[in-house]
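Take a look at the chain below.

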Amino acid sequence: MGALEIVLGVLLILLTGVLFFFILLQEGRGGMGALTGEQSESFGRNAGKTLNTTLKSWTKFGCIAVMVLVVLLNVIAVYF
């Protein structure tokens with residue numbers, strides 16, 4: 001196991017921890033909001049700037065980064 005594998009493995013563990021944190025911070029899509037009187041943040045001028053929208057975009061980028069790191073680690077482990 002080379003130093004590159006160790007560094008990428010540690011980076012993968014840290015990235016998955018941050019991704020897990022982003023997922024836990026997101027609000028659910030529960031349909032009970034209309035019954036309990038909750039306000040929806042999806043309307044208005046600032047709909048694209050909400051925290052939930054930002055977390056969703058960071059989660060997408062994080063998932064892509066995790067997939068790339070996993071494939072890269074497997075290629076390094078098999079061919080080098």
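What covers the buried residues of helix 1? The cover includes helix 3. Before the details, some ground rules. This is a predicted model, in which local features need pLDDT of at least 70 and side-chain atom pairs count only at pLDDT 80 or more, while totals for chains, interfaces and linings use all residues. Residues are numbered from 1 along each chain as its sequence is written, and side-chain values use heavy atoms, with hydrogens and water left out.

Start with the overall plan. The protein chain has three helices and zero strands. Helices (H or I, at least four residues) and strands (E, at least two) are DSSP runs, numbered from the N terminus. Along the sequence the pattern reads α-α-α. Helix 1 covers residues 3-25, helix 2 covers 33-36, and helix 3 covers residues 51-79.

Next, check the lengths of two of them. The expected span of a helix is 1.5 Å times one less than its number of residues. Helix 1 has 23 residues and should therefore span 33 Å; its end C-alpha atoms are 33 Å apart, which agrees. Helix 3 has 29 residues and should span 42 Å; its end C-alpha atoms are 42 Å apart, which agrees as well.

Now turn to burial. Buried means under 20% relative accessible area, exposed means over 50%, and partly exposed lies in between (1.4 Å probe, protein chains only). Of the 80 residues of the protein chain, 18% count as buried. In helix 1, Leu-8, Leu-12, Leu-19 and Phe-22 are buried. In helix 3, the buried set is Asn-52, Leu-55, Thr-59, Gly-62, Val-66, Leu-69, Leu-73 and Ile-76. The buried residues of helix 3 pack against helix 1.

Contact means heavy atoms within 4.5 Å. Among contacts between residues at least 6 apart in sequence, 89% join residues at least 24 apart.

Follow Leu-73 as an example. Leu-73 is found in helix 3. It counts as buried because its relative accessible area is 15%. Leaving aside neighbours within four places in sequence, Leu-73 is in contact with Glu-5, Leu-8, Gly-9 and Leu-12.

At 15% relative accessibility, Asn-52 counts as buried. Not counting residues up to four places away in sequence, Asn-52 touches Gln-26 and Glu-27. Gln-26 sits in the loop between helix 1 and helix 2. Gln-26 is partly exposed, with a relative accessible area of 23%. With the sequence neighbours up to four places away set aside, Gln-26 touches Asn-52, Leu-55, Lys-56 and Thr-59.

How many aromatic pairs does a search of the whole structure find? It finds one. The rings of Phe-22 and Trp-58 have their centres 6.5 Å apart and their planes at 50°, so the pair is tilted. The pair links distant parts of the chain, with Phe-22 in helix 1 and Trp-58 in helix 3, 36 residues apart. Rings of Phe, Tyr and Trp (its six-membered ring) pair if their centres lie within 6.5 Å; planes under 30 degrees apart count as stacked, over 60 as edge-to-face and the rest as tilted.

Is Trp-58 buried or partly exposed? Trp-58 counts as partly exposed because its relative accessibility is 49%. Ile-23 lies in helix 1. Ile-23 is partly exposed too, at 44%. The C-alpha atoms of Ile-23 and Trp-58 are separated by 9.5 Å, and the two residues are 35 apart along the chain.

Met-67 is exposed, with a relative accessible area of 53%. Its C-alpha atom is 9.5 Å from that of Leu-12, 55 residues away in sequence.
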